[in-house]
Amino acid sequence: MSLRGLVRLARRNGRIAEPAPPPPAHPAASASDDELSGQAFTPPAALRGSAQVRHVDAGSCNGCEIELAAAFGPVYDAERYGVRLVASPRHADVVLVTGVVTANMAEPLRLTVAATPRPRVVVACGDCALGRGAFHDGYAVVGGVHDVVPVDLQVPGCPPEPDAIVAALRRVTGR
Ligand code: SF4
């Protein structure tokens with residue numbers, strides 16, 4: 001399609017992103033104000049407003065990845081809240097992990113988190129990452145993400161919906 005055709009299409013369709021839900025509660029709010037999972041979480045002050053995210057698939061069925069892709073797609077548009085996917089943990093503030101941790105991925109996950117500069121946030125995304133998914137007792141499974149590295153935020157669901165993933169990341173940036 002030509003550039004002119006693209007511009008015409010964009011004008012005709014208008015904005016397709018979902019309306020933004022209200023911003024997350026202020027970090028000073030009590031844990032009981034947390035609507036996501038009941039977890040007490042205070043984001044590092046340095047990450048307020050903007051955070052770079054490195055995704056690690058530690059043993060997912062790829063269902064969570066489809067929802068993660070949707071979270072960063074044009075409808076849910078996570079980037080409008082200051083989060084961006086990056087390719088290297090050395091450029092990241094957040095390590096977002098999907099899937100159970102398989103034996104082959106335990107050490108790479110440890111190394112990825114270790115390579116992420118502090119202050120950093122580790123997000124376990126999906127029931128498998130929380131250690132209670134369909135594959136938790138598989139022969140090649142070490143456990144949930146919390147069995148391998150410390151976890152700061154959890155996003156339950158199999159798979160979690162894109163707006164739940166976006167809500168967790170908004171808690172980091174506060175936007
Ligand atoms: S939580 Fe569900 S969708 Fe996500 S990796 Fe596990 S089985 Fe797949």
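The buried residues of H2 pack against E1, E3, E5 and H4; here a residue is buried if 20 or more other C-beta atoms, placed from the backbone, lie within 10 Å of its own, and two residues are in contact if their C-beta atoms lie within 7 Å. The model is predicted, with local features requiring pLDDT of at least 70, side-chain atom pairs counting only at pLDDT 80 or more, and totals for chains, interfaces and linings using all residues. Residue numbers start from 1 along each chain as its sequence is written. Helices (H or I, at least four residues) and strands (E, at least two) are DSSP runs, numbered from the N terminus.

In H2, the buried positions are Cys-64, Glu-67, Leu-68 and Ala-71. These residues lie on the same side of H2, because they cover an arc of only 105° around the axis, the arc being that of the directions from the helix axis to the C-beta atoms.

The sheet is open and consists of 5 strands in the order E2-E1-E3-E5-E7, with parallel pairing; two strands are taken to pair if DSSP finds at least two bridges between them. Strands E2 (83–85) and E7 (153–155) form the edges, each pairing on one side only. On average, neighbouring strands are turned by 25° against each other, direction ignored. Axes are lines fitted to C-alpha atoms, for helices over the stretch in contact, and angles run from 0 to 180 degrees between N-to-C directions. Helix H2 (residues 63–71) packs on this sheet and touches E1, E3 and E5, its direction making about 140° with that of E3. Helix H4 (residues 162–173) also packs on the sheet, where it touches E1, E2, E3, E5 and E7 and makes about 165° with the direction of E7.

Strand E3 (residues 94–98) is largely enclosed by the rest of the structure, because 5 of its 5 residues are buried. Val-94, Leu-96 and Thr-98 point one way from E3, whereas Val-95 and Val-97 point the other way. E3 pairs in the parallel sense with E1 (residues 51–57) over 5 bridges, and Thr-98 in E3 stands opposite Asp-57. E3 also runs parallel to E5 (residues 121–125), to which 5 bridges join it. In E5, Val-121 is the bridge partner of Val-94, and Ala-124 is that of Val-97.

Around the ligand there are 13 residues, of which Cys-61, Gly-63, Gly-126, Cys-128 and Cys-158 come nearest; a residue is near if its C-beta atom, placed from the backbone, lies within 6 Å.

Methods: Buried ≥ 20, exposed ≤ 12 C-beta atoms within 10 Å, placed from the backbone.
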